[in-house]
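Please take a moment to look over the sequence and the model before reading on. The report below describes a few places in turn.

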Amino acid sequence: MVLIILGVAMLLFATDWVRMDLVALLVLCVLAITGLVGTEQAISGFSHPAVITVWSMFILSEGLTRAGIADALGRRVIAVAGSGEVALIVAIMLLAGVLSGFMNNIGVAALLLPVVVGVARQSALAPSRLLMPMAFGCLLGGALTLIGTAPNLLVSTALVDAGEAGFGFLDFAPVGVPILLVGTLFMALVGRHLLPQRDPMSRREQSRDLRAMYGLEERIFAVRVTDDSLLINKRIADTGLTSAAGLMIVALTRAGQTRALPSASTRLQAGDTLLAQGRLDRFNILRQWSQLSIEREAPILHEKLLEGATLYEVTLSEQSPVLGVTVAPGDFYQRYGAWLLAIRNDKGVKRTHLSEHPLAAGDRLLIQADEKAIAALRDRYEHLDAEALKPDKVQELYQLDERLLVMRVPRDAALTGRTVGESRLGKAFDFRLMAIFRDGDFLRPLPPEQTIEGGDLLLVQGRMEDFDMLRGLQQLQILDDATPYLRVFDQGKIDMVEATIHPHTPLNGKTVADLKLRDTYQVETAAVWRGERSYRSGLKEFVLQRGDALLLVGPLKQLARLNDNADLIILNPVSVPDTDTSKAPLAAGLMLTVVLLTMTGLLPIYISAILGAALMVLTRCLTMEDAYKAIHWRSIFLIAGMMPLGLAMQSTGTAQYLSGLMLGFTGEYDPWVSIAGLYMLTVLGTIIVPTVVLVVLMAPIALSLSATLAVAPQAAMMAIAIAAAASVASPVSHPANVLVMGPGAYRFTDFLKLGLPLTILVFIVAAILVPLVWPLHP
């Protein structure tokens, strides 16, 4: 009856017709109903020390993960390894192996998965070249310590239950460490040539699809700061790059290191390469202003500007509707048909960067307007206090000539024929084109459609240092090919999400700038989709409507924060694990305490593990809800449900019967041949059966075989544990293999092709070391 139940369970495990954990529970019930085990024995697996230790280790591993220990260690080790494939494979396998010796190897695989994928992207390697070595490192590293993997605990507790001495914390290391080192060398020198070259559809592909849909790559170009550039040591915000033609600086590459979305305060250095998104034609128009020459001796034009100008001083009252608003001179002209020239208050006179000044009660605005514009303003705002000023009064109060520049347009300048609106001069540097002197005529005010001609003298309000910035823009070298710098997307340094305006948000009718996404979340709006097309430039002033879709760009961690934004619905949300690095010393100390309590024998492993898990929650390394989520309940039910079958195999003589069959094949002359047979049977079983189930079933057979041969059972049990750790020939044999199968686009044959030679190599190492470390007759 036990063999029939065992055979049906194996068939269901191999075919996956029924979930594995459900199969285990059905086995438990059938054993109890048929009387093959007692009812209390049927449920004894749930209180078994091995099961308790396993779920406690899940919680301890989660505490270490949330403290950021493994992630920080992983990134540092991999950074030291560089970008070479051989060095990366060695570093990743050794790191995964060492971590798996003290953390649950499933948790280690889950933790390192995004780190390794990111490293693969940065190193221009397909994820499939590194993910399988990482999974194999987790499996082989599980053989380093007692708590490395569940099979180690299961064979140890099986020994104790049989009245034999169990394994100590480091009893696995003399065999496990050489196996990990040999396996790592094999993967680095031989196995890597058998690894597939595949990069499946992932967030990188999604990002590329979004870029294509919104047409971003049509608007992406790269510029380099030359060695003699006037922009060296200037902040990005001061260069006019971000405001000129609506450019967005996607990334900055310096000395081989790429920084995504550099802040506005970042200072440029010689050799910097900037990846920018925007309209190259508008950027080139802006650069054309550097062709102008400064006429330093033209005081007559300064006087003429004031002589015929109609200048007014408007005082803002407490009831003014524009209080608290910032407005650029260009926007002021579009709204009111008047030019904002300066702002005066108790703190002094402000003639530049007016758009940064929030209007306040008591502010006096100097504006240039005709009678029609002033009349319109008075009709719009009752009790408007607007006083006309004479030229000498303007000069006394505002000293406009201190910031007035006269520029000559060369006859062959590229600006010839361009309109004032197209120039975007004010957008970039807070320059204001006050008037044009052409063929003896003085043209003012200047509407956006006014053209600029060769030979014009332009009267511009601004700063001389801003004109130097214009010359610096002209010095920027536009690269012919920006493709190498687009790797910032593929390397995972920057990502994209698509969002739409929430139907109940007050943002309808607001501009993109009103979202304040850069200030609040450190992300940028790269494009807006409305109707049948995308809008990719001039987005700061773009007025939003319900139904608009926004393409948002930023580091993955910052994009994840947008999930909590009540005004946006994220269509393809991203997530990153929360970590609190301040808890790292505490979490590491608790894990070390568990190890020391176990090694010194002060507490059994299952009690020390429960203590460590409880203290993780008590010290707030993680919450109780996090602890429950950390437990892989499927594994717990699988182990607990199959344990009664192991008891039934012992109590009914099934284990003795199977061990007798094995002795019939291997003979009774050399016990090591029988143990080798156990090893190979376990390895073959892992191809179709989960390792924890297989160890539960193989442990009683190994105990019975050892008793028949009259040898110490530790060698046979160690062989089973090592065979379980070498379950690398099948993707279903261990969750770590399953975890990497999708991201690595692996096939079943990939694991067979690489796993079988590695399994044979591990067997050879184990065959040499196990007899030396665990003799049959101690």
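By class, how many nonpolar, polar and charged residues does the lining of the largest cavity have?

## The largest cavity

This is a predicted model, and the count of cavities of 30 Å³ or more comes to three. The largest cavity has a volume of about 50 Å³, and its lining is made up, by class, of five nonpolar residues and three polar residues, with no charged residues.

The residues that line the largest cavity are Val54, Met57, Asn104, Ile147, Gly148, Thr149, Ala150 and Leu153. Two helices, α4 (49-66) and α9 (150-161), each supply at least two residues of this lining.

## Ser608 in helix α25

Elsewhere in the chain, Ser608 lies in helix α25, which covers residues 605-618. Ser608 has a relative accessible area of 1%, and because this is under 20%, the residue counts as buried.

A polar atom of the side chain of Ser608 lies 3.0 Å from the backbone oxygen of Ile605. When residues up to four places away in sequence are left out of the count, Ser608 touches Val594, Leu597, Thr598 and Leu603.

## Val460 in strand β14

Val460 has its place in strand β14, which is formed by residues 457-461. With a relative accessible area of 0%, Val460 is buried too. Although Val460 and Met407 are 53 residues apart along the chain, their C-alpha atoms are separated by 7.4 Å in the model.

Conventions: Residues are numbered from 1 along each chain as its sequence is written. This is a predicted model: local features need pLDDT of at least 70, side-chain atom pairs count only at pLDDT 80 or more; totals for chains, interfaces and linings use all residues. Side-chain values use heavy atoms; hydrogens and water are left out. Helices (H or I, at least four residues) and strands (E, at least two) are DSSP runs, numbered from the N terminus. Buried means under 20% relative accessible area, exposed over 50%, partly exposed in between (1.4 Å probe, protein chains only). A polar contact is a pair of N or O atoms within 3.5 Å; within protein, one must be able to donate a hydrogen and the other to accept it, and residues adjacent in sequence count only if both atoms are side-chain atoms. Contact means heavy atoms within 4.5 Å. On a 1 Å grid over the protein atoms alone, a cavity is a set of points where a 1.4 Å probe fits but cannot get out, and a pocket is an open set with protein on both sides within 12 Å along at least five of seven lines; lining residues have an atom within 4 Å of a point. Grid points are joined across faces, edges and corners, and a volume is the space filled by probe spheres set on the points. Ala, Val, Leu, Ile, Met, Phe, Trp, Tyr, Cys and Pro count as nonpolar, Asp, Glu, Lys and Arg as charged, and the others, Gly among them, as polar.
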